[in-house]
2 protein chains.
Amino acid sequence: MMGQAQGARLIGLDWGTSSLRAYLFGDDGHKLSESSAPSGVMQLQRLIPPENPHIKTEKLFEAALGEVCDPWLEEAPDLPILACGMVGSTVGWKEAAYLQMPLSPSELGKGLTTVLRADGKPVHIVPGVSSPGIQGKTFPEIMRGEETQIAGILATRSKSDSVAPGPLLIGLPGTHSKWALVNEGRLVSFSTFVTGEMYALLTNYSVVARGANPPERLHQASFRQGLMSGRAQNGEAAGGLLSLIFSTRSKHVLGELKAEQQPDYLSGLLIGDELAGVQRIMTREKLALRAFSQIILSGEKSLCERYQLACDLSLWPRAKIIETAVEKGLWSVAREAGLVE
Amino acid sequence: MMGQAQGARLIGLDWGTSSLRAYLFGDDGHKLSESSAPSGVMQLQRLIPPENPHIKTEKLFEAALGEVCDPWLEEAPDLPILACGMVGSTVGWKEAAYLQMPLSPSELGKGLTTVLRADGKPVHIVPGVSSPGIQGKTFPEIMRGEETQIAGILATRSKSDSVAPGPLLIGLPGTHSKWALVNEGRLVSFSTFVTGEMYALLTNYSVVARGANPPERLHQASFRQGLMSGRAQNGEAAGGLLSLIFSTRSKHVLGELKAEQQPDYLSGLLIGDELAGVQRIMTREKLALRAFSQIILSGEKSLCERYQLACDLSLWPRAKIIETAVEKGLWSVAREAGLVE
């Protein structure tokens, strides 16, 4: 491990609900090393005894930081540290601001919140983004972490000369999937779908689909079948999502769906319902999918590939997957904030 | 407890996923006594060691039966026993048949499955009802237990001279809510919604609404707000149920919804989505709500009252709550089967 931090410029932290991932960046945001721990915000919160929440919180967050970064900080103790994600929420290390839309990613670097470690050195936290919503028209919305992914996607695109500056639809699949609209380089709106969490709840705890282990490879026919039902609001899908979900069980009990097909069928139902919702939101906003120069997907690779297939099966414009968006975003925000040159 | 079983004619068991309820009936189905235990089918299954499933299952079911019925059986060992619900499923005591629709409740009594106790005396199990579904038009559907509730509702109605014999819409709210269409005394179709299970999953385990304890009294304004959003598919509700569910959290984080209002708001969202689904199914079947002489609700009382309010707020015909439907149904099926005179 010795010598890793030589020439390092920044430590970036992607600190979410269920995990902590740390990146060591050199000149120009070149990634020198990375490290991770299952020390997500919810994991740390579960370690806190109710009788003395405040002191313990800080210690737990600092210990988790040390776990992933100490080898780097021992070599280079003055490296700036920038974190994004749920670490800036009410259940995080310190509450960071929410910025309002429309928002240019360059504004993120000017809105950092700082928390001091025991040795007095700072950890900077990227602000989230919120929207109050418009009564009867749009829901209030919040994000923490995805704004940094979006900054990374836009930084990647601005380097590429061949990319048109037209409106952009960005899908960020995950526990709480976000779909964001970017126009002229600014985030203008986004919507959240609890698709990943719903899948986890149903496969872990429900009578409907518990114990149905996901197969190693995607069962494409089952996924497609679920997706098409999830996208529809008529015919057999007339009853809506609560009825669709039950079909995962009834089709299995009546021999139409094998146990190993249930997870991908259910995944298809949920992603199909999400994509239908994105399309209705587009219609509400008087936007057409073909108006977008590109659809971008960013997140865990195999999940993005699943969404890419869903876009294809839905006859959407081809979606492009950008990995490493959060790394690019952390570097980009650090540069705007003057943490690196 | 002595003397309870004097003049008894039947033991009826409502044996579901999470609980076992036993009724002791006298002449004409008059209820003499009742008893219950948390020995639902899933509870018993969790006690079974994987290495020896078969023998244990029978013993566990028989022990649970003894727990609720032994005081009665000691006095009257030859009382007939009739059970309905998940006890007849693949994870129950013995798998009972599924009958097909259209179905008159009188046919249930002719399709009983029998399992013998250690002393050789029988327990009779009411068949469930299934529908294979029509590809692209309707989903496969299954019920176990609700068919007995429906038999009880129809038995109650046939005694009442003032009731018109027109088509009937029956809502059976619960873990898996069912909505059934009855015409000319026969069950013709039904649909299932995982509303109750979804509510339990979200309030017990989710990041979105976990820890939000239901208040003692319904928070009607929050329920109404959720219901109206859940029923809509446009405006702020354009994103569909997965987006609606997230609003339980975003509204809370942004100060629009207090923690104690979250459960009833979420309950409203889910029931609203269910009722919208029921209406779309009606439209698919070319039926109008006003074509029904009555809407009947049967199930746990406070839950039925919540659905009754939801029907009122949705401007549906006034729904009538029938309690004790499963008791009436068990007696009615036992009579058709010749277990009682």
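**Salt bridges, chain contact and local packing**

In chain B, B:Asp78 and B:Lys121 form a salt bridge in which the closest N and O atoms are 3.2 Å apart. B:Asp78 sits in the loop between α2 (53–75) and β4 (81–84) of chain B, and B:Lys121 in the loop between β6 (113–116) and β7 (122–125) of chain B, so the pair ties together parts that are 43 residues apart in sequence. B:Asp78 is exposed, its relative accessible area being 62%, whereas B:Lys121, at 26% relative accessibility, counts as partly exposed. The model in which this pair is found is predicted.

Side chains of opposite charge can pair when their charged atoms come close. Over all chains, the structure holds 23 salt bridges. Another of the pairs in chain B joins B:Arg284 to B:Glu285, with 2.9 Å between the closest N and O atoms. Here B:Arg284 counts as buried, because its relative accessibility of 19% falls under the 20% limit. B:Arg318 is exposed at a relative accessible area of 53%, and B:Asp312 is partly exposed at 30%. In chain A, a network of salt bridges links A:Arg21, A:Lys31, A:Glu34 and A:Glu327.

The contact between the two chains was examined next. The number of salt bridges between chain B and chain A is zero. Polar contacts are present, however: 14 residue pairs across the interface of chain B and chain A meet the rule, both residues being at pLDDT 80 or more. On the side of chain B that touches chain A, at least two residues each are supplied by α1 (41–46), β8 (128–131), β9 (141–143), β12 (186–193), α4 (195–205), α6 (241–253) and α7 (262–284) of chain B. The largest share of that side, 11 residues, comes from α6(B). By residue type, the side of chain B that touches chain A consists of 28 nonpolar, 19 polar and 14 charged residues.

In total, 61 residues from chain B and 61 residues from chain A take part in the contact. About 4900 Å² is buried between chain B and chain A, and 68% of this lies on carbon and sulfur atoms. Within chain B, the residues that lose the most area to chain A are B:Phe139, B:Glu236 and B:Leu242, which together account for 17% of what that side buries.

Two copies of a chain are related by a rotation about an axis and a shift along it. For chain B and chain A, superposition takes a rotation of 180° with 0.0 Å of shift along its axis, and the RMSD is 0.1 Å. This is the relation of a two-fold axis. Both copies use the same surface, with 100% of the contact residues of chain B recurring in chain A.

B:Ala310 lies in helix α8 (residues 301–313) of chain B and, at 0% relative accessibility, counts as buried. Beyond residues up to four places away in sequence, B:Ala310 touches B:Phe223, B:Leu227, B:Ile271 and B:Leu275.

A polar atom of the side chain of B:Gln262 is 2.9 Å from the backbone oxygen of B:Thr248.

In chain A, A:Val188 belongs to strand β12 (residues 186–193). A:Val188 counts as partly exposed, at 37% relative accessibility. Apart from neighbours within four places in sequence, A:Val188 is in contact with A:Met101, A:Pro102, A:Leu181 and A:Asn183. The C-alpha atom of A:Val188 is separated by 9.8 Å from that of A:Ser131, a residue 57 residues apart along the chain.

Methods: Residues are numbered from 1 along each chain as its sequence is written. Chains are lettered from A and ligands numbered from 1 in the order in which they are written. This is a predicted model: local features need pLDDT of at least 70, side-chain atom pairs count only at pLDDT 80 or more; totals for chains, interfaces and linings use all residues. Side-chain values use heavy atoms; hydrogens and water are left out. Contact means heavy atoms within 4.5 Å. Buried area is the accessible area (1.4 Å probe) that two parts lose on being put together, summed over both. A salt bridge is a side-chain nitrogen of Lys or Arg within 4 Å of a carboxyl oxygen of Asp or Glu. A polar contact is a pair of N or O atoms within 3.5 Å; within protein, one must be able to donate a hydrogen and the other to accept it, and residues adjacent in sequence count only if both atoms are side-chain atoms. Helices (H or I, at least four residues) and strands (E, at least two) are DSSP runs, numbered from the N terminus. Ala, Val, Leu, Ile, Met, Phe, Trp, Tyr, Cys and Pro count as nonpolar, Asp, Glu, Lys and Arg as charged, and the others, Gly among them, as polar. Copies are superposed by least squares on the C-alpha atoms of residues with pLDDT of at least 70 in both. Buried means under 20% relative accessible area, exposed over 50%, partly exposed in between (1.4 Å probe, protein chains only).
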